[in-house]
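Biologist: Hi! Could you walk me through this one while we both have it on screen?

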Amino acid sequence: MQSQIQLLQVLPAAVLITRKGIVRFANTASVQLLQATDAQELVGRVMEDFVHPLDKDRSALRIQQLALSKGQANKPSEFRLRTLRGELRMVLISSISIEWEGKPAELMTGMDRTHAS
């Protein structure tokens, strides 16, 4: 498990693991994307708090669909996220249901598309 966590930490894509909407793990790229000082600043936060109000319904629907997906990832989709500093980011997100610490969870990956041309 430790080597898996080390791999998640070095990925250039943001990786968050949530359970019931609460962040349980954040890699280094997530810390940078969401403008946190460290991962502990993200762990325990409600993921929905980062989602722009215009995208909240669509985000909630995607999470619900994960429970029915039988281990298949959602198609990547762009969402507006607010960082801890209040900045708006466009992020391409894909997610999949996983087991984390013996319980159902969601693994989300994101790539910042804010300044993509």
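This is a predicted model: local features need pLDDT of at least 70, side-chain atom pairs count only at pLDDT 80 or more; totals for chains, interfaces and linings use all residues.

Modeller: Happy to; we can go from the overall fold to the core, and then to some side-chain pairs.

Biologist: Good to know. How many helices and strands does the protein chain have?

Modeller: The chain has three helices and five strands. Along the sequence they follow the pattern α-β-β-α-α-β-β-β.

Biologist: And what are the overall dimensions, along the principal axes?

Modeller: The C-alpha atoms fill a box of roughly 35 × 30 × 25 Å. The radius of gyration is 13 Å, which agrees with the value near 13 Å for a compact globule of 117 residues.

Biologist: What share of the residues count as buried?

Modeller: Of the 117 residues, 38% count as buried. As for the surface, the chain exposes about 7200 Å², and carbon and sulfur atoms supply 54% of that.

Biologist: Let's go inside. Which residues have the most contacts in the largest nonpolar core?

Modeller: Those are L16, L34, L42, M47 and L81, in a core of 18 residues. The elements that give two or more residues to this core are β1 (14-19), β2 (22-26), α2 (28-33), β3 (77-82) and β4 (88-100).

Biologist: Which of them gives the most?

Modeller: That's α2, with three residues. There is also a second, separate core of seven residues, which includes L8, F25, A105 and L107. In soluble globular proteins, nonpolar side chains tend to be buried together.

Biologist: Back to L81, then. What does L81 touch, leaving out residues up to four places away in sequence?

Modeller: L81 touches L34, F50, V51, H52, E87, L88, R89, V91 and I93.

Biologist: I see E87 and R89 in that list. What do their side chains do together?

Modeller: The side chains of E87 and R89 meet in a salt bridge, at 3.5 Å from N to O.

Biologist: Are those two buried or exposed?

Modeller: R89 is buried, with a relative accessible area of 14%, under the 20% cut-off. E87 is partly exposed, at 38%.

Biologist: Which other salt bridge does R89 make?

Modeller: R89 also meets D112, at 3.8 Å from N to O. That pair links distant parts of the chain, with R89 in strand β4 and D112 in strand β5, 23 residues apart. D112 is partly exposed, with a relative accessible area of 38%.

Biologist: How many salt bridges are there in the whole structure?

Modeller: A search of the whole structure finds six. Among them, E78 pairs with R113, with the closest N and O atoms 3.6 Å apart.

Biologist: Changing topic: where does T114 sit?

Modeller: T114 lies in the segment after β5, and it is partly exposed, with a relative accessible area of 26%. Leaving aside neighbours within four places in sequence, T114 is in contact with L88, R89 and M90.

Biologist: And what does the T114 side chain reach?

Modeller: The T114 side chain reaches the backbone nitrogen of M90 at 3.0 Å. A polar contact of 2.5 Å also joins the side chains of T114 and D112, and D112 is a salt-bridge partner of R89.

Biologist: Which side chain does the side chain of T18 make a polar contact with?

Modeller: That would be E106, at 2.7 Å. Beyond four places in sequence, T18 is in contact with V23, R24, M47, A105, E106 and M108. Of those, M47 is listed in the largest core, while A105 belongs to the second one.

Biologist: Great, thanks for the tour!

Conventions. Residues are numbered from 1 along each chain as its sequence is written. Side-chain values use heavy atoms; hydrogens and water are left out. A nonpolar core is a set of buried Ala, Val, Leu, Ile, Met, Phe, Trp, Tyr and Cys residues joined through side-chain atoms within 4.5 Å. Buried means under 20% relative accessible area, exposed over 50%, partly exposed in between (1.4 Å probe, protein chains only). Helices (H or I, at least four residues) and strands (E, at least two) are DSSP runs, numbered from the N terminus. Contact means heavy atoms within 4.5 Å. A salt bridge is a side-chain nitrogen of Lys or Arg within 4 Å of a carboxyl oxygen of Asp or Glu. A polar contact is a pair of N or O atoms within 3.5 Å; within protein, one must be able to donate a hydrogen and the other to accept it, and residues adjacent in sequence count only if both atoms are side-chain atoms. The radius of gyration is taken over C-alpha atoms; the globule rule is 2.2 Å times the number of residues to the power 0.38. Accessible areas come from the Shrake-Rupley method with a 1.4 Å probe; for residues, only the protein chains shown count as cover.
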